[in-house]
Amino acid sequence: MAGMSSKRLQKELVKIQGTLPPGISLVSADNLREWLMDLSIPDNPIYPPTDTYRLRFLFSQSYPIEAPEVTFLPLQSPERKIPLHPHIYTNGIICLDLLDAQGWSPVHNVESICISIQSMLAGNTKAERPPGDAEFVRSNRSRPRDINFLYHDPSV
Amino acid sequence: MKVTFSAYHAVAEWKWDLPADADDTCGICRVEFEGTCSKCKFPGDDCPIIIGNCTHCFHMHCIGDWLLAESSQGKCPMCRQPFRERLADAAAVATPAGGAPRPGMVAVTPTPARTPAGR
């Protein structure tokens, strides 16, 4: 399995270092376990074009059979906020079907995940946090993959 | 003029006989079908391709790993229909003389100097 994840990530890295869609850029991929990507959102007043959001990807040895762990990472400098969205908690955890075990497929990749998250933000009309955000952020000790999200509002 | 060949070196190329609209690469490992999955060293019979009823193709070892994972729920990674291997009689089976190749593997006209590279 170890060979599988590193060979595939190596291929993805070569492709990503070539071209990426607008608003998506690679920050670092110093090893094949953790990658940082920056995201900006076009045409949505909730997310000013000057704002950039940082995604952290953590890959297990079983990638791509197993989904990577993808969260938003807050930073002071350069400033990276957690985007306001009814499926994104203040601690950076994202509730998105393709990232959990039920919705994941090994044909997804770093680029397609970035595109999905970028379009989930671009299409958002609600400048708000998920219900129960404060309580979840205070009490959650689980890794994102172990959380059973309730998809309370699939329309968002 | 009389030409006498003292020796010749034949080179052949092969590729899998896959559905016409199939991708060139396995969606799981992202390696060309004619290359190997990430666990194998030698392409070809040792690292065969499985064609699904849904026409999506994968290296046998790649789709096997996925279907063993609980989260796959037995579904095709591309279309999420239950993954069933297409039976050989549904595809044209190539049987060149002198061999019993796996269904799905087809010989291509010999061309100069290209050997399948294990990637």
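The structure is a predicted model.

The interface involves 16 residues of chain A, which are in contact with 16 residues of chain B. The size of an interface is often given as the accessible area lost when the parts come together. Here, chain A and chain B bury about 1500 Å² between them, and 57% of this area lies on carbon and sulfur atoms. By class, the side of chain A that touches chain B is made up of 8 nonpolar, 5 polar and 3 charged residues. Across the interface of the two chains, the rule for salt bridges finds 0. Polar contacts, in contrast, are found in 7 residue pairs across the interface, with both residues at pLDDT 80 or more.

In chain A, an unreviewed UniProt entry lists Cys95(A) under "active site". Cys95(A) is located in the loop that lies between strand E4 (69-72) and helix H2 (110-122) of chain A. The relative accessibility of Cys95(A) is 3%. Since buried means under 20% relative accessible area, Cys95(A) counts as buried.

In chain B, residues 37-80 are listed by UniProt, again in an unreviewed entry, as "domain: RING-type". The end C-alpha atoms of this span of chain B are 21 Å apart.

Key
Residues numbered from 1 in each chain as written. Chains lettered and ligands numbered in written order. Predicted model: local features only at pLDDT ≥ 70, side-chain atom pairs only at ≥ 80, totals over all residues. Heavy atoms only, no water. Contact = heavy atoms within 4.5 Å. Buried area = accessible area lost by both parts, 1.4 Å probe. Salt bridge = Lys/Arg side-chain N within 4 Å of Asp/Glu carboxyl O. Polar contact = N/O pair within 3.5 Å; in protein donor to acceptor, adjacent residues only side chain to side chain. Nonpolar A, V, L, I, M, F, W, Y, C, P; charged D, E, K, R; others polar. UniProt positions renumbered as here; feature names shortened; annotations may be inferred. Helix = DSSP H or I, 4+ residues; strand = E, 2+ residues; numbered from the N terminus. Buried < 20%, exposed > 50% of the residue type's maximum accessible area, 1.4 Å probe, protein only.
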